[in-house]
Amino acid sequence: MKKRMMMVVSSVLAAGTLLAACGENNDDTTPINENGNNNNEVTENEGNNENEGNNEATGDGEAFSSKMVTDVGGVDDRSFNESAWAGLTMFGEDYPEAEVDYIQSSDASDYAPNLNDLARQGTDLTFAIGFLMEDDIRTIAQQNEDQNFAIVDTVVMGDDDQPVSNIANITFAEHEGSFLVGAVAAMHSETDQIGFIGGVESPLIKKFENGFKAGAKYANPDIEITVQYAQDFNDASRGQQIADTMYGNGADIIYHAAGGTGNGLFTEAIDRNEGGENVWAIGVDQDQALTEGEWSEGNVILTSMVKRVDQSVYQVSEDTMNGNFPGGEILEFGLEDQGVGIAETRDNVSDEALEAVEEYEAMILNGEIEVPQTDDEYEDFEGSL
Amino acid sequence: MKNVFKGNLTGVFVPLIAILFGFVAGAVIMLVSGNNPITAYGALISGIFGTPYDFGETLQRMTPLIFSGLAVAFAFRTGLLNIGVEGQLIVGWFTSVLVGIAIEAPMIIHLPLALLAGALAGALWGFVPGILKARFQVHEVIVTIMMNYIAMHVVNHFIRNYMIESGQRTAFVNDSASLSSEFLTNITNFSRLHWGFLVAVIACVIMWFILWKTKKGFELRSVGYNKHASSYAGMSVNMNIILSMSVSGAFAGVGGAMLGLGTYNYANILPSFTNYGFDGIAVALLGSSTSIGIFLSAFLFGGLKQGANNMQSQAGVAPELVEIIIALIIFFVASSYLIRWIYSRFQSKKEGK
């Protein structure tokens, strides 16, 4: 009896050590520094080792590490977080000596511990994906002044109303991209009625709304636009309900900036198309036609307004590695840097509309059209038409 | 005499076995999904005890869980299932923050006032299902579930329309109403540990005292054991139901105040439930509705949730696994019959030998 126990114990231990060895090997693949990382004068690295505690990985300053904390959606949310992780992965592939990783947050109370975890590991650049982490990243950046942080979609102000000096603020010109899809929607609408579904009402989502409305009005001054907010980013049934009402009232194209709520819009559009109607939806953040909107005779997604979170994450990582950390700066990725735009899937879009998109894009770039972001700016814009 | 002893023993034995089974099952899942359970559990444990920061965060996480566990247990002792702890916690959170922002007073008045406001709001949210149950025999489970949604959406409405400061949240509460402590933060290397932890310990004692040392507490438990007998003995069953739900709600409300005045120092628009209330059911169940049991199981769940982050970053195990382990532990507690059966088989075999 005893002998058998010993056998079991020792085999478990053996299996354990073997498996543990496998795990360690994986970890070791990244920080090899063979092909002369010539860009490695990152001065910010020096301060990291001040943190006592479990500084196991990377803190030696040899290799650059760039890691991110996801929002509750996780890295497979088919939107924002996934895009950010794609950018980091690409960065890791292009610079194999750099270490990239992510931590997933299960709920809002995980933000601070996760950010802190990365900071204490001595991560050179820590990304917070999403404006909900604003308060947590502010605190942690102030506690770890020697380290670099970046946040997507918001600007983090310190106590003195200036951007915090060790946080790079990544924002996008969503209004510009939304303008283009607004124009597409207006040119495709047969009923001259289109709709917009927002997630939670906030200055950020207002940029989508006002850009969209402006683009639609610019392309067709007679267009009617209905706007409704779901006050939720994660309620697909609410999204479907709103879409049902809008389509029911005569709109035939709806654009959403509502995260998971927008999936309800696609469901409703698919149902209606299967039922013989001809309605469209416009996606947001990523090229959503690649993952959503399939129905028996095609795809209900006319096009999408893409926000290249991946590119911004890549670029900020690269800059930081090269010693040009844009701390305290507000980076806006707009049409100019291809930070926003219309998706590559555009089979459903008419040539006429695509030409118009190109034309408007040029006009926005040379300043002929100034796309409104807030309600007030939109009113001025509408008045000037 | 022997029976009493045996009963107490199984009272401790069942949860411990359930926890053990939960971890073993978790290890099996990790093996199947290609992770090494030894590394993972090592990372989990060092994620709880490894650094002062982690330990501080663990205590911080368990604080609201203690309150939601106490709330569930208190109602349960009177034979009521309070599924509405979530909602009571949300209104408590909001109200305490409201008082924390709107009032200017010295700390000695302001802080207790804000805590009291949270307790009152939670009590009110528990009172409604209590009175509906007592007067109209409406089942408290249904009412409390519905009250959760009302709480979340009403609070979201108020924050969105009247109190929004930046992004999704209200302003910070005044320092005089904050439970945050520079001292605790410093000794735990910048964790969010706050004085609320002490409040939670006191609350455990209060619950024990009310239930086991007062006449009212005896009545409450008596109603829980047998309504009809209690009524026959001259106790007002209806009054006790209302009282129990209100006190339960008050515990939950203070739990919300822990988040509002301690952890975050603000209230924010909730995209979905916080789950503290629902976790409270698990905490109470595992702690077999006793103060000490709740304290320990809140520590376990708070620790698991905190350690999950480290398990993720060090061992590469998905944090969802911790949720599965918690669910399995609850499953095994709930199926304590099974454990008792195995235990008795084991016992009789031994005796047979």
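So, strand β12 of chain A and strand β14, residues 340-342 of that chain, are joined by 3 bridges, and the two run antiparallel. If you want a spot to look at on screen, find A:Val306: its bridge partner in β14(A) is A:Gly341. Keep in mind as we go that this is a predicted model.

Now the other neighbour. Which way does strand β9 of chain A run against β12(A)? Those two are parallel, with 5 bridges joining them, and β9 covers residues 280-285. Here the pair to click on is A:Gly283, which stands opposite A:Ser304 in β12(A).

For the cut-off, buried here means 20 or more other C-beta atoms within 10 Å of the residue's own.

Okay, over to chain B. There we've got 15 helices and 0 strands. If you're picturing the outline, the C-alpha trace spans about 75 × 60 × 35 Å along its principal axes.

What about the inside of chain B? Of its 353 residues, 55% count as buried. And if you take the contacts in chain B with a separation of 6 or more, 80% of them come from residues 24 or more positions apart.

Note on methods: Residues are numbered from 1 along each chain as its sequence is written. Chains are lettered from A and ligands numbered from 1 in the order in which they are written. This is a predicted model: local features need pLDDT of at least 70, side-chain atom pairs count only at pLDDT 80 or more; totals for chains, interfaces and linings use all residues. Helices (H or I, at least four residues) and strands (E, at least two) are DSSP runs, numbered from the N terminus. A residue is buried if 20 or more other C-beta atoms lie within 10 Å of its own, exposed if 12 or fewer, and partly exposed in between; C-beta atoms are placed from the backbone. Two residues are in contact if their C-beta atoms, placed from the backbone, lie within 7 Å. Two strands pair if DSSP finds at least two bridges between them.
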